[in-house]
Amino acid sequence: MAALLALTVGACNQTVQSEGPEPVAAALPAAPALPPEGPRLASSAAGAAAPIEDPGTSVYEPLVDMHRVNPDRYQRDLTACRQQAAPQLAAVKRATQQQQTGTAIAVAGTLASYIPVPGFRQAHVLAGAANAVQSVGGATAESGAAAVEKASSDYALVVDSCLTHKRYKLLHP
């Protein structure tokens, strides 16, 4: 909170070296547009592309020996196992959001370090605030990445255990 306050105070006396008054936000690059929401594709074991209906598919796809296995029954059982692992999938999504937020905070700190200021004192305050914001953002992103890894492994464990209880033979590298 103090770093954000220092960043705001340091940025109050900013100047832009141009011919006329121009807001600083206009000098910053525009944020990239988000990709449109639509059906995503994932490659299946056979190599063909199939639409992803279950978000768990992008997190983990179990390796199962499909010899003498009814594919329709397997899909129903896999869907049931993924539903059982839904809390872990939600944890993956939360941790991914935390990681993205931390990265955005770190980028904001980096961009703030490029704000022009008129004097040494303001530049010193702004540099301290930008460094603090970068540190907080980096720590948040790192914590989010660790949480994504843990939640993803938990998700895979739940799905694998469920499939094993349903008498499927798992193939692990």
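Accessible areas here come from the Shrake-Rupley method with a 1.4 Å probe; for residues, only the protein chains shown count as cover. On that basis the protein exposes about 11,900 Å². Carbon and sulfur atoms supply 60% of this area.

This is a predicted model, in which local features need pLDDT of at least 70, side-chain atom pairs count only at pLDDT 80 or more, and totals for chains, interfaces and linings use all residues. Residues are numbered from 1 along each chain as its sequence is written, and side-chain values use heavy atoms, with hydrogens and water left out.

**Overall fold**

The protein has six helices and two strands. Helices (H or I, at least four residues) and strands (E, at least two) are DSSP runs, numbered from the N terminus. Their order along the sequence is α-α-β-β-α-α-α-α. Of the 173 residues, 24% are buried. Buried means under 20% relative accessible area, exposed over 50%, and partly exposed in between (1.4 Å probe, protein chains only). Among contacts (heavy atoms within 4.5 Å) with a separation of 6 or more, 76% link residues 24 or more positions apart.

**The disulfide**

The count is one disulfide, taken as a pair of cysteine sulfur atoms within 2.5 Å. C81 is joined to C162, with an S to S distance of 2.1 Å. C81 sits in helix α4 (residues 71-84) and C162 in helix α6 (residues 120-165), so the bond ties together parts 81 residues apart in sequence. The S-S torsion is about -75°, so the disulfide is left-handed. Both C81 and C162 are buried.

**Salt bridges**

A salt bridge needs a side-chain nitrogen of Lys or Arg within 4 Å of a carboxyl oxygen of Asp or Glu. The whole structure holds three.

| Pair | N to O distance |
|---|---|
| R82 and E61 | 2.8 Å |
| R73 and D77 | 3.9 Å |
| K150 and D154 | 3.0 Å |

R82 lies in helix α4, while E61 lies in the loop between α3 (56-59) and α4, so this pair ties together parts 21 residues apart in sequence. R82 is buried, at 9% relative accessible area. E61 is partly exposed, at 42%.

R73 and D77 are both in helix α4, four residues apart, or about one turn of the helix. R73 is partly exposed, with a relative accessible area of 44%. D77 is buried, at 13%.

K150 and D154 are both in helix α6, again four residues apart and about one turn of the helix. D154 is partly exposed, with a relative accessible area of 25%.
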